[in-house]
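Have the structure open as you read, and take it one topic at a time.

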Amino acid sequence: MSIWWSLHLRREAASVPLARRLLLGTMETAGVDPDISFDLSVALSEACANAVEHGGDDASGDPSQAYRVTAYLDGERCRIEVADTGPGFDAGAGRPGSPARTAPADAEHGRGLCLIRELADHVHIGSAPGRTGAVVSFDKILKWREDAPLVAV
């Protein structure tokens, strides 16, 4: 079983729950375990919120620049990628073993990438090759409900 979809979304806060609901609906329909679906939907929300907040050239004054969300349910794995047109990340930000920036416990911002790393099995954070922008991609091994209609064979 293989399902994929891609969205181009405006850099507006209302786009975050839209992407999350689409992912949850896809996973529910496919029969993915609700705990796995929830973890991935939270990680997706964090990645989208980062794209909305940091993912464009704010100097242009155009908050409606788009970012892209792509999700792949392929076999036993779900892979999600969020790409924007912002300044990107430092070269070492996505390397395994690179220090994760930590935020104070009472901070309202700064924990999104750490949360994505905790919720997903594999995470890659970097800049988009050949263009400006950041790419956050992550994947997770799927578990299925007993009554799953689209279980991978």
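In this predicted model, helix α2 has 21 residues and spans 30 Å from its first C-alpha to its last. That is close to the 30 Å expected at 1.5 Å a residue.

**What α2 buries**
- The buried residues of α2 include Ile36, Leu40, Val42, Ala43, Leu44, Ala47, Cys48, Ala51 and Val52.
- Three serines, Ser37, Ser41 and Ser45, are also among the buried residues of this helix.
- Among the elements covering the buried residues of α2 are helices α1 (15-30) and α3, together with strands β2 (66-74), β3 (77-83) and β5 (134-141).

**How α2 meets α3**
- Helix α2 (residues 34-54) packs against helix α3 (residues 112-119) at an angle of about 155°, and their axes lie 9 Å apart.
- Because angles over 145 degrees count this way, α2 is roughly antiparallel to α3.
- On the α2 side, the contact is made by Asp39, Val42, Ala43, Glu46, Ala47 and Asn50.
- From α3 come Gly112, Leu113, Leu115, Ile116 and Leu119.
- Sorted by class, this contact of α2 with α3 has seven nonpolar residues, two polar and two charged.
- Val42, Ala43 and Ala47 of α2 take part in the contact with α3 and are also buried.

**The protein around them**
- The protein has three helices and five strands, and along the sequence they follow the pattern β-α-α-β-β-α-β-β.
- Of its 153 residues, 41% count as buried.
- Among contacts with a separation of 6 or more, 67% are between residues 24 or more positions apart.

Definitions and conventions. Residues are numbered from 1 along each chain as its sequence is written. This is a predicted model: local features need pLDDT of at least 70, side-chain atom pairs count only at pLDDT 80 or more; totals for chains, interfaces and linings use all residues. Side-chain values use heavy atoms; hydrogens and water are left out. Axes are lines fitted to C-alpha atoms, for helices over the stretch in contact, and angles run from 0 to 180 degrees between N-to-C directions. Helices (H or I, at least four residues) and strands (E, at least two) are DSSP runs, numbered from the N terminus. Angles under 35 degrees count as roughly parallel, over 145 as roughly antiparallel, 65 to 115 as roughly perpendicular and the rest as oblique. Contact means heavy atoms within 4.5 Å. Ala, Val, Leu, Ile, Met, Phe, Trp, Tyr, Cys and Pro count as nonpolar, Asp, Glu, Lys and Arg as charged, and the others, Gly among them, as polar. The expected span of a helix is 1.5 Å times one less than its number of residues. Buried means under 20% relative accessible area, exposed over 50%, partly exposed in between (1.4 Å probe, protein chains only).
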